[in-house]
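Please look over the model below before reading on. The text then walks through it step by step.

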Amino acid sequence: MASDLLLPLDALHRRLGARMVSFAGYAMPIQYDGIIAEHTWTRAHAGLFDVSHMGQMTLPRGADAALETLLPGDIVGLAEGALRYSLLLNDTGGILDDLMVTRRADDLYLVVNGATKAGDLAHLRAAGLDTTHRDDLALLALQGPEAVAALDRLVPGVAALRFMRAAGFAWDGANLWISRSGYTGEDGFEVSLPATRAEALATALLAQPEVRPVGLGARDSLRLEAGLSLYGHDLTPETTPVEAGLSFAVSKRRRAEGGFPGAAIILAQLAEGASRRRVGLKIDGRQPVREGAAVIVADAVAGLVTSGGFGPALGCPIAMAYLPAIAAADGTAVEVEVRGKRIAATVVPMPFFPKSYVRAGATP
Amino acid sequence: MTRHFTTDHEWVDDAAGTVGITDYAQGQLGDVVFVEVPSPGTTVTKGTAAAVVESVKAASDVYSPVSGTVTAANADLEAEPALVNTDPEGRGWLFRLELSAPDELAGLMDEAAYKTFVASL
């Protein structure tokens with residue numbers, strides 16, 4: 001802990017009574033009131049998350065074609081103010097990181113995982129991309145059905161954004177870059193702003209009746225219920241986008257043209273199916289299964305749990321695992337081994353908990 | 001009856017042999033969603049894992065504060081594991097032991113010493 005970096009909101013977290021843990025090289029709040037209370041609050045109201053550990057980077061606006069050599073998304077065709085979820089890939093189609101790419105008027109804006117940002121930066125620069133690490137910025141997420149009311153009260157106009165769209169705003173003299181996106185399955189926003197102004201904005205948001213602080217613990221349980229992958233656990237250099245159930249991140253034009261790392265392997269898997277897939281598991285009873293637990297099919301180990309825990313909004317344990325295609329169909333009965341005991345489980349579709357995004361073209 | 005405490009934040013009552021975790025421990029674990037307790041008849045050894053408390057986030061071993069044979073497990077925890085959070089030193093007890101080496105109790109802390117220990121953390 002002593003060598004951990006401090007977040008711009010470190011003092012605020014401690015004043016709010018957070019329990020701090022070491023994560024991705026930072027001292028971070030794992031919980032304030034308790035994971036279940038924070039999870040439940042976010043699903044009903046609005047939770048404020050400090051995700052300033054994540055890597056924020058910019059590339060020159062003309063770097064879109066060069067960036068496409070590292071990932072399978074259509075960046076050249078990305079509209080200004082639009083976000084795209086994408087994946088940095090290695091030569092065998094394995095996932096080096098997952099990230100968000102936004103086209104802005106003057107640059108491309110990337111948000112990558114905290115634990116991988118140093119490696120990503122080196123990877124982008126090694127590919128000749130003129131990458132600027134914006135470690136002068138903080139990143140806050142406001143998530144939940146009441147996030148729009150709370151944020152729009154402080155920053156009028158954000159309610160007009162739709163899911164996976166972003167724009168610049170101002171608040172109290174600070175420039176904000178706000179996207180309608182998140183990692184909880186709820187409607188919500190992510191706000192990038194100068195680190196020096198993060199505490200003032202966080203304090204103003206926490207003064208709104210809808211908003212409470214939420215830690216990493218509930219961030220994990222919320223994303224798990226939403227069926228969203230966690231890099232380093234559900235996604236690794238040994239998993240491809242097709243195996244991970246992220247084929248949507250391989251854009252149509254890129255499928256036709258190829259030209260991304262591991263394209264031969266990934267395009268073959270898209271055509272023929274992958275031999276294994278990331279699946280959701282609903283666990284019988286109340287005992288959670290954890291990352292690394294063996295999944296048993298027909299009395300043999302068929303795969304491993306990559307994320308597992310208790311779903312507070314579902315009231316039961318849930319997990320993600322990789323299973324052979326023949327055992328990955330919804331409804332397949334499996335067992336998970338925990339401390340020498342086998343627990344019955346069923347392959348179920350994800351998300352476990354329905355998403356509530358406010359999409360363009362839909363009635364909000 | 002006297003309650004004795006370990007540096008791993010378990011407690012044991014010397015008369016009934018009841019074992020649980022402390023309020024400090026439950027606060028550190030967070031919301032408990034499942035508890036695995038040993039079956040009656042199980043032999044446990046001081047300092048070895050005897051029960052598992054699962055929070056939303058992680059599974060944590062509970063070490064037996066003393067050696068003995070399990071005589072009862074708290075069946076209420078099956079339906080209401082959160083008793084470990086709400087009443088850890090009462091209705092959230094984990095299991096009862098018939099102590100096989102009662103002199104082990106002498107190596108544990110009394111309540112005052114445990115309070116001092118927790119304050120030092």
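This is a predicted model: local features need pLDDT of at least 70, side-chain atom pairs count only at pLDDT 80 or more; totals for chains, interfaces and linings use all residues.

Start in chain A. Find the open sheet of six strands with the order 11-12-13-10-4-14. Its pairing is mixed. Which strands stand at the edges? They are strand 11, residues 166-171, and strand 14, residues 211-213, of chain A. Each has a single partner strand, so one side of each is left without a neighbour in the sheet. From one strand to the next, the twist averages 30 degrees.

Helix 6 of chain A, residues 195-206, packs on this sheet. The helix touches strand 4, strand 10, strand 11, strand 12, strand 13 and strand 14 of chain A. Its direction makes about 145 degrees with that of strand 13 of chain A.

Now move to strand 10 of chain A, residues 137-143. Is this strand mostly covered or exposed? It is mostly covered, with seven of its seven residues buried. A:L137, A:L139, A:A141 and A:Q143 point one way. A:A138, A:L140 and A:L142 point the other way. All of these residues are buried.

Strand 10 of chain A pairs with strand 13 of chain A in the antiparallel sense, over seven bridges. Its pairing with strand 4 of chain A is also antiparallel, over four bridges. In strand 13 of chain A, its bridge partner is A:V191.

Step on from strand 4 of chain A, residues 46-50, to strand 14 of chain A. Here the two strands run parallel, joined by three bridges. One pair to find is A:A46 with its bridge partner A:V211 in strand 14 of chain A.

Next comes the tyrosine. Where is A:Y32 placed? It sits in the loop between strand 3, residues 26-31, and helix 2, residues 35-44, of chain A. A:Y32 has a relative accessible area of 10%. That is under the 20% cut-off, so A:Y32 counts as buried.

Leaving aside residues up to four places away in sequence, A:Y32 touches A:H13, A:L16, A:G17, A:A18, A:E38, A:P213, A:V214 and A:G215. Look at A:H13.

Rolling a probe the size of a water molecule over the atoms shows where empty space is left. How many cavities of 30 Å³ or more does the count give? The count comes to three. The largest cavity has a volume of about 50 Å³.

A:Y32 and A:H13 are among the residues that line the largest cavity. Helix 1, residues 10-15, strand 4 and helix 6 of chain A each supply at least two lining residues. Strand 4 of chain A gives the largest share, three residues.

Now check the backbone. Most residues other than glycine have a negative phi, and most peptide bonds are trans. A cis peptide bond joins A:M350 and A:P351, with omega about 5 degrees. A:P351 lies in the segment after strand 20, residues 341-348, of chain A.

A:R339 has a positive phi of about 50 degrees, although it is not a glycine. This residue is in the loop between strand 19, residues 333-338, and strand 20 of chain A. A:R339 is partly exposed, with a relative accessible area of 40%.

Chain B has a positive phi as well. B:H9, a residue other than glycine, has phi near 75 degrees. The loop that holds B:H9 runs between strand 1, residues 3-5, and strand 2, residues 10-13, of chain B. Is B:H9 buried or exposed? B:H9 is buried, with a relative accessible area of 12%.

Strand 2 of chain B runs antiparallel to strand 3 of chain B, residues 18-21, and three bridges join them. Finish at B:V12, which stands opposite B:V19 in strand 3 of chain B.

Notes:
Residues are numbered from 1 along each chain as its sequence is written. Chains are lettered from A and ligands numbered from 1 in the order in which they are written. Side-chain values use heavy atoms; hydrogens and water are left out. Two strands pair if DSSP finds at least two bridges between them. Axes are lines fitted to C-alpha atoms, for helices over the stretch in contact, and angles run from 0 to 180 degrees between N-to-C directions. Contact means heavy atoms within 4.5 Å. Buried means under 20% relative accessible area, exposed over 50%, partly exposed in between (1.4 Å probe, protein chains only). On a 1 Å grid over the protein atoms alone, a cavity is a set of points where a 1.4 Å probe fits but cannot get out, and a pocket is an open set with protein on both sides within 12 Å along at least five of seven lines; lining residues have an atom within 4 Å of a point. Grid points are joined across faces, edges and corners, and a volume is the space filled by probe spheres set on the points.
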